[in-house]
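Look at the chain below before reading on.

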Amino acid sequence: MDVRADRRYTDEHEWAKLEDGNRVRVGITDYAQDALGDIVYVDLPDVGKTVAKGDTMAEVESTKSVGEVYAPVAGTIVAVNGSLADAPETVNLSPFDDGWIVVLEVEDASGLDELLDADAYRGITE
């Protein structure tokens, strides 16, 4: 299972990576995509939507079930990965890179400090 040290994690299996000051890229973890199985559809949110920490931002549908993607921090959605509409399996193939789901703009990036680091996340998945 791939867990990257340059990200923070939720116990709901989202990852968050701080980019460009106050922008946070979000996706689901390798553990989550493996548990879901073959992903066949990703329901993306609208750009401009404001979310609170813990709000549902997106849904990932697989051949096994539907999983919700929760906001790891509060912010405004400033980008979505539109390529997932035509290739949802990208989340399975590259959950940490090409399979990202949204980018949030946050007022205070220190909220990421409340999330799990890579070692703590490994601890809840092993």
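A contact here means that heavy atoms lie within 4.5 Å. The model is predicted, so local features need pLDDT of at least 70 and side-chain atom pairs count only at pLDDT 80 or more, while totals for chains, interfaces and linings use all residues. Residues are numbered from 1 along each chain as its sequence is written, and side-chain values use heavy atoms, with hydrogens and water left out.

Start with I101. Leaving aside residues up to four places away in sequence, I101 touches V26, G27, I28, L44, A58, V60, V69, A79, V80, N81 and L84.

Buried means under 20% relative accessible area, exposed over 50%, and partly exposed in between, with a 1.4 Å probe and protein chains only. The largest nonpolar core has 24 residues, of which I28, M57, I101 and L104 touch the most other members. A second, separate core has eight residues, including V3, F96, W100 and Y121.

Next comes the sheet. Strands (E, at least two residues) and helices (H or I, at least four) are DSSP runs, numbered from the N terminus. Two strands pair if DSSP finds at least two bridges between them. Six strands make an open, antiparallel sheet in the order 1-2-3-9-8-5. Strand 3 and strand 9 are joined by four bridges, and V24 has L104 in strand 9 as its bridge partner.

Is E107 buried or exposed? E107 counts as exposed because its relative accessibility is 87%. E107 sits in the loop between strand 9 and helix 3 (118-125).

Note on methods
A nonpolar core is a set of buried Ala, Val, Leu, Ile, Met, Phe, Trp, Tyr and Cys residues joined through side-chain atoms within 4.5 Å.
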